[in-house]
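Please look over the sequence and the structure before reading on.

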Amino acid sequence: MSYTGFQFMDWVKVGEGAFWLVLTIGLYMVARALQKKSGGNPLVNAVLVAALPIMLLLYLFDVPVAHYALGGSILLWVLGPATVALAIPLYTNFSHVRAAWRPMAVALVAGSVVAVVSSIVIGHLLGASMETVRSLAPKTVTTPIAMGIAREIGGIPELTAAFVIFTGIIGAVSAAFLFRLVGIKDERARGFAFGVAAGGIGTARAFQESLLTGTFSGVGMTLNGIITAIVLPLLWLWFA
Amino acid sequence: MAGLKARRIGGRVLGFVALVLCLELGNLMVWGLGLPVPGTVIGILILLLGLAALRHVPDTLNDVSLWLLGHLNLLYVPAGVGVMGYVALVAQDFWPIVVTLFLSTFLATLASALAFRWAAGKSR
């Protein structure tokens with residue numbers, strides 16, 4: 001083909017990307033409104049509510065996921081700087097970290113080790129493929145870091161992202177019941193466990209319990225992300 | 001009023017640029033030193049060091065960060081949609097995945113909360 005002149009970009013692709021981007025933002029706004037209406041029910045998860053109609057559209061009109069990614073990749077890119085922003089609440093709440101660093105350190109190690117080891121062992125015992133197990137291992141970590149870890153250890157980042165979301169929903173819905181079962185009343189312990197085991201979705205749920213619970217959850221989520229990202233690839237090198 | 005708003009937006013852009021710089025510096029270090037860690041984690045550590053050196057959080061950075069963190073769910077949507085490319089694998093490992101997600105999350109929640117209570121009781 002011999003186009004000349006005005007041909008800096010493929011405008012059809014730009015248009016298609018823009019369409020999916022605007023649709024994603026619109027559906028997200030609808031999902032947020034629905035969640036507010038439901039009183040913050042963790043089952044009405046904004047990611048699920050926004051992603052499912054898009055998946056249905058792609059399926060019905062037989063659109064390759066790569067076409068959706070023309071717009072979606074912009075949001076995925078913003079996820080990087082947004083994750084770096086986790087440093088801000090961690091720094092602001094540093095007084096909490098210093099006041100309770102010993103129980104935090106113990107809970108952090110226990111939570112992250114149990115999360116990683118149990119998902120590898122259970123997945124393996126039940127006969128999941130190696131790719132699936134590698135994608136499951138970092139599932140308690142907050143999404144962008146988890147996707148990075150999955151890439152590092154040979155898992156599939158997109159699969160990990162979905163596992164993180166479902167882990168968050170499961171944790172957010174079940175944690176209060178589990179705490180009652182073993183009699184955990186300390187708001188700091190509850191919050192920290194929410195953050196370590198259920199990441200961002202757990203943290204949103206923890207903030208509904210109290211400000212202190214939510215703060216500890218956010219700290220737990222960030223510390224868990226940092227620690228798991230450093231330890232898991234090393235563990236994997238060691239085993240493999 | 002309009003000037004004030006423009007300044008706030010300008011500040012947010014500046015804060016966002018600072019976040020991107022931390023991230024790219026992290027990516028650069030990961031690439032240059034061959035670290036087996038995602039660049040985002042190094043980016044967080046760089047920003048933490050920067051804040052510790054400044055001894056406070058600049059308003060511009062604080063504004064844009066809280067705004068981004070408040071809309072993390074929007075940024076997860078494309079990642080969720082991306083699963084469509086792996087339907088076959090999910091279908092093949094469906095039950096192992098479901099059981100692992102539930103059991104492992106229960107165990108991690110309990111382990112973390114019980115460990116916290118145990119350690120907090122000990123240090124008292």
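The points below cover the interface between chain A and chain B, and then chain B by itself. The model is predicted. In it, 94 residues of chain A are in contact with 72 residues of chain B, and the two chains bury about 7100 Å² between them.

**The interface between chain A and chain B**

- Carbon and sulfur atoms account for 82% of the area buried between chain A and chain B.
- On the side of chain A, V84(A), I88(A) and Y91(A) lose the most area to chain B, and together they make up 10% of what that side buries.
- Between the two chains there are zero salt bridges, whereas 10 residue pairs are in polar contact, with both residues at pLDDT 80 or more.
- Helix 9 of chain A, residues 157-182, gives the most to the side of chain A that touches chain B, contributing 15 residues.
- Sorted by class, that side of chain A has 66 nonpolar, 20 polar and eight charged residues.

**The fold of chain B**

- Chain B has six helices and zero strands, and its elements run α-α-α-α-α-α from the N terminus on.
- Among contacts in chain B between residues at least 6 apart in sequence, 41% join residues at least 24 apart.

- The C-alpha trace of chain B spans about 55 × 50 × 40 Å along its principal axes.
- The radius of gyration of chain B is 21 Å, whereas a compact globule of 124 residues would have one near 14 Å.
- Of the 124 residues of chain B, 43% count as buried.

Methods: Residues are numbered from 1 along each chain as its sequence is written. Chains are lettered from A and ligands numbered from 1 in the order in which they are written. This is a predicted model: local features need pLDDT of at least 70, side-chain atom pairs count only at pLDDT 80 or more; totals for chains, interfaces and linings use all residues. Side-chain values use heavy atoms; hydrogens and water are left out. Contact means heavy atoms within 4.5 Å. Buried area is the accessible area (1.4 Å probe) that two parts lose on being put together, summed over both. A salt bridge is a side-chain nitrogen of Lys or Arg within 4 Å of a carboxyl oxygen of Asp or Glu. A polar contact is a pair of N or O atoms within 3.5 Å; within protein, one must be able to donate a hydrogen and the other to accept it, and residues adjacent in sequence count only if both atoms are side-chain atoms. Helices (H or I, at least four residues) and strands (E, at least two) are DSSP runs, numbered from the N terminus. Ala, Val, Leu, Ile, Met, Phe, Trp, Tyr, Cys and Pro count as nonpolar, Asp, Glu, Lys and Arg as charged, and the others, Gly among them, as polar. The radius of gyration is taken over C-alpha atoms; the globule rule is 2.2 Å times the number of residues to the power 0.38. Buried means under 20% relative accessible area, exposed over 50%, partly exposed in between (1.4 Å probe, protein chains only).
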